[in-house]
Amino acid sequence: MSHITRYLGYLFLAVLIIAVDQSLKNLAIAHLSGKPPIEVLPVLQWFLVYNTGAAFGFLHGAGGFQLYLFIGIAVIVISIILVWLWRVPDTARFLSLGLALILAGGIGNLIDRIRHQYVVDFINLHYRDWYFPAFNIADIAITFGVILYLIHAFFHNDGESQ
């Protein structure tokens, strides 16, 4: 398989994840808006949250400047990942897959910031009275992408700088 075919394959995967992320966010807005949490499992709820901050609500309610800051950071990081993904050797599959997942999540949340001025979160994990911050499919993609990146970083031993 050629390098460009692999690159396009990773971009296609990112587009699929973005489509799922945006579709589920649209469903969450349509069906969860103004409603109490819906218990799915004893530790899982569907609950709509509009996050104007970053991860775990960092800078949530900081007065509005954070929207432009996060959009700018996202555009820069997405651009870097696109170039990096192109330069990754075809043999570095964990790294390529990780970058594609981070790219998908970053674009998914960027779309929200541009479209709504906040990120739509709707997945809520909890145990009794302890609640993890709400998240979405884009956040899951970023998390798994970082895990794959770290696997590559810690176990990649062929001396390449990629």
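Leaving aside neighbours within four places in sequence, which residues is Asp-21 in contact with?

1. Asp-21 is in contact (heavy atoms within 4.5 Å) with Gly-108, Asn-136, Ile-137 and Ala-138, once neighbours within four places in sequence are set aside.

2. This is a predicted model, in which local features need pLDDT of at least 70 and side-chain atom pairs count only at pLDDT 80 or more, while totals for chains, interfaces and linings use all residues. Residues are numbered from 1 along each chain as its sequence is written, and side-chain values use heavy atoms, with hydrogens and water left out.

3. The protein chain has four helices and four strands (DSSP runs, H or I of at least four residues for helices and E of at least two for strands, numbered from the N terminus). The order from the N terminus is α-β-β-α-α-β-β-α.

4. Asp-21 lies in helix 1 and is buried, at 1% relative accessible area (buried means under 20%, with a 1.4 Å probe and protein chains only). Its side chain makes a polar contact of 2.9 Å with that of Lys-25 (a pair of N or O atoms within 3.5 Å, where within protein one must be able to donate a hydrogen and the other to accept it, and residues adjacent in sequence count only if both atoms are side-chain atoms).

5. Helix 1 (residues 3-32) and helix 3 (residues 93-116) have axes that come within 8 Å and cross at roughly 40° (lines fitted to C-alpha atoms over the stretch in contact, with angles from 0 to 180 degrees between N-to-C directions).

6. Of the 162 residues in the protein chain, 36% are buried. Among contacts between residues at least 6 apart in sequence, 66% join residues at least 24 apart.

Technical notes: Buried means under 20% relative accessible area, exposed over 50%, partly exposed in between (1.4 Å probe, protein chains only).
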